[in-house]
Structure formats: C-alpha cells, structure tokens
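Have the model open beside you, and then take the points below topic by topic.

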Amino acid sequence: MSSRSFEKWLFGKWGPLEKSILSWGKDVVWPEDAFCCACGRISDRDGLCAACRESLEHDGFFFAWERSDPVPDLPVWSLRPHGGVPRELVIRLKYGAEARAARILAGLLLPLPEDVSFPPDTVVTWVTMPESRRRERAVDHGRLLAEAFAEKLSLPCRQLLLRRDRREKRQVGLGEKERAANLAGAFRPKEKITFPVLIVDDVRTTGTTLCRCAEALRSGGADYIAGLTVTARK
C-alpha cells in the first residue's frame, strides 16, 4: 500500500476524536513534514515533495494573484485559482485536520505583489465557524490559516467576529442569492473596531462570506477592511 493510500485509509471519514488521536499518532510515528502534505510522497523539505513544489512553480503560483471587489470598499486578493497543490492543501487543512497545511500555505504567501499592501496597524482575523462544525472537523482551519498568514505579514491576529449558534447549510453548492440568505445575520463584531482589518479565508467563490463578515465589522466601527484568500473558484 502506498503512503498516500495508507493516509487516505487512515484519515478517512472519521469523527473529530479519532482525527485528533490519529493525527497525534501520526506525528509520533512519522515526524512532521516527513511526507508531502499535498500528495503523501516523501517530502524533500517544508512539507512538500519536489514534484508538488515544482508544480507550484510551473503553474505560476507566485504570479497568479487576482483581485476582486465583491462590493465597493472591500478589496479581496486571492493567491491563485482553486486547483492543483493549493487546493489539495486547503482540503487537507479543512477536512483532514492537517494543521501544518496552514503553515505551508503561508510559506507561499511572500513576496506580496507590488499592488498588495496593508496599513501597518492592520489586525488579521478570520471567518468564525459554527461551534458544531469546529467540533466535527477537530480544527479551526480559518484561525490556523489567519494566524499563519499574520505571522508571515508581521501583523497581529485575533478573533473579531462572533457567529450565531445555529447550524447553517453548507455554502458549497449554493448559488449567490442562497449563500447571501444562508449567512444573513450570521456574524456580529466581538469588540469595538478602530483599526484596519484583514479577513483571511481559504476559498473565495462569490465573495458572500467575506461581504457578510465585512458588514459585521463595519457595524463594529471598522473603516478599512480587505480580504485575502488562498484560492478563488472561477
């Protein structure tokens, strides 16, 4: 059995407790980054194998930044289209409880393009997930990603959004109007906000989630808000 097949079997559709235990056991048996986080082959360095690292460079990862303003005064930058190695890393982080994927993705963030900059007093935050979903997935992937990106950008990071305690439909598969209705009133500010905010998220589809988060942050006093996502669906 290949290492990828073994990992797929080992980290299949288990519950959060099993994911946590097995993730700990995996780190004991296999040191972190011994295997590629994206494909499961032997890693050469930094948690990626030579083939996956080469594919990033071949696909032009560092030159594929895309800006989209879902609403006025909300610039959103995405590192690249939702595919290939970045997509696999997002999946590993989001559904496989692979916390190291956040660090690996953050390692691909710099250098920023010349047209991407944030005020020096910007605070990084994330899209708060429902508590039931956090328990189900065993990790808060949004927080891990935001903290890793904030460290690379040398910016502070903290939770600025609260989320209502009820189960919503998953956004995947919903149309733009359905997404907007699904998240109506979902967020509220955790504190008074008198500083610029950068919202970090994994995937931008229609921009609805970022818009709802921005609405809540503005109600808390935020003036400057920007978004940054790892990938963007076409």
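Among contacts in the protein between residues at least 6 apart in sequence, 72% join residues at least 24 apart, where contact means heavy atoms within 4.5 Å. Please keep in mind that this is a predicted model: local features need pLDDT of at least 70, side-chain atom pairs count only at pLDDT 80 or more, and totals for chains, interfaces and linings use all residues. Residues are numbered from 1 along each chain as its sequence is written, and side-chain values use heavy atoms, with hydrogens and water left out.

**Overall make-up**

- The protein has nine helices and seven strands; these are DSSP runs numbered from the N terminus, with helices being H or I of at least four residues and strands E of at least two.
- Of the 234 residues in the protein, 50% are buried, meaning under 20% relative accessible area, while over 50% would be exposed and anything in between partly exposed (1.4 Å probe, protein chains only).

**The sheet**

- Five strands form an open sheet in the order β1-β2-β7-β6-β3, and the pairing is mixed; two strands pair if DSSP finds at least two bridges between them.
- At the edges sit β1 (66-68) and β3 (123-126), each of which pairs on one side only.
- On average, neighbouring strands of this sheet are turned by 25° against each other, direction ignored.
- Strand β2 (residues 76-81) pairs with strand β7 (residues 225-232) in the parallel sense over five bridges, and V76 has G227 as its bridge partner in β7.
- Helix α4 lies across β2, β6 (197-204) and β7, and runs at about 105° to β6.

**Helix α4 against helix α5**

- Two packed helices are described by the angle between their axes and the distance between the axes.
- For α4 (residues 84-95) and α5 (residues 100-107), the angle is about 150° and the axes are 8 Å apart; axes are lines fitted to C-alpha atoms, for helices over the stretch in contact, and angles run from 0 to 180 degrees between N-to-C directions.
- On the α4 side the contact is made by P86, L89, V90 and L93, and on the α5 side by A101, A102, I104 and L105.
- By class, this contact of α4 with α5 has eight nonpolar, no polar and no charged residues; Ala, Val, Leu, Ile, Met, Phe, Trp, Tyr, Cys and Pro count as nonpolar, Asp, Glu, Lys and Arg as charged, and the others, Gly among them, as polar.

**Helix α5 against helix α7**

- The axes of α5 and α7 (residues 141-153) come within 8 Å and cross at roughly 35°.
- A102, R103, L105, A106 and G107 of α5 make the contact with L144, L145, A148, F149 and K152 of α7.
- The contact of α5 with α7 has seven nonpolar, one polar and two charged residues by class.
- Six of the eight residues of α5 are buried, so α5 is largely enclosed by the rest of the structure; the buried ones are R100, A101, A102, I104, L105 and A106.

**A closer look at F149**

- F149 is found in helix α7 and counts as buried at 1% relative accessibility.
- Not counting residues up to four places away in sequence, F149 touches L105, A106, L109, V200, L228 and V230.
- F149 and V200 are 51 residues apart in sequence, and their C-alpha atoms are 7.9 Å apart in space.
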